[in-house]
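Please open the model in your viewer and keep the selection tool at hand.

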Amino acid sequence: MAKNKGVRIVITLECTECRSNPAKRSAGVSRYTTQKNRRNTTERLELKKFCPHCNSSTTHKEIK
């Protein structure tokens, strides 16, 4: 029997520094995947994570 769609969904976090500045050292964008509860957290998630392209901790925002 198949289960219905759960409350927790998988989201992708993308670095805002790499996305806004294409003239960085390397041509990549840092992305992380995580899960969130769609009932408790309805707005887009923002976390500080390490970006290997910027070589520092930057803000990562949720993308579709």
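Select Lys36 and Glu62: these residues form a salt bridge, with the closest N and O atoms 3.1 Å apart. The term salt bridge denotes a side-chain nitrogen of Lys or Arg within 4 Å of a carboxyl oxygen of Asp or Glu. Lys36 belongs to strand β2 and Glu62 to strand β4, and the two residues are 26 apart in the chain. Both Lys36 and Glu62 are buried (buried means under 20% relative accessible area, exposed over 50%, and partly exposed in between, with a 1.4 Å probe and protein chains only).

The model is predicted: local features need pLDDT of at least 70 and side-chain atom pairs count only at pLDDT 80 or more, while totals for chains, interfaces and linings use all residues. Residues are numbered from 1 along each chain as its sequence is written, and side-chain values use heavy atoms, leaving out hydrogens and water.

How many salt bridges are there by this rule? The count is three. For another, select Glu14 and Arg31, whose side chains meet at 2.5 Å, N to O. Glu14 lies in strand β1 (residues 8-15) and Arg31 in strand β2, so this pair ties together parts that are 17 residues apart in sequence. Glu14 is buried, at 6% relative accessible area, whereas Arg31 is exposed, at 54%.

Next, select Glu46 and Lys61, which form a salt bridge at 3.9 Å, N to O. Glu46 is in strand β3 and Lys61 in strand β4, 15 residues apart. Glu46 is partly exposed, with a relative accessible area of 49%, and Lys61 is partly exposed as well, at 33%.

Now display the strands (DSSP runs of E, at least two residues, numbered from the N terminus). Four of them form an open sheet in the order β2-β1-β4-β3, with antiparallel pairing; two strands pair if DSSP finds at least two bridges between them. The edge strands are β2 (31-37) and β3 (46-51), each pairing on one side only. Strand β3 pairs with β4 (residues 56-63) over six bridges.

Select Cys51 and then Ser56, its bridge partner in β4. Are there disulfides, or none, around the cysteines? The structure holds zero disulfides, a disulfide being a pair of cysteine sulfur atoms within 2.5 Å. The sulfur of Cys51 is the nearest cysteine sulfur to Cys15, at 3.8 Å, and also to Cys18, at 3.5 Å. Cys15 is buried at 0% relative accessibility, and Cys18 is buried at 6%.

Notes. Helix = DSSP H or I, 4+ residues; strand = E, 2+ residues; numbered from the N terminus.
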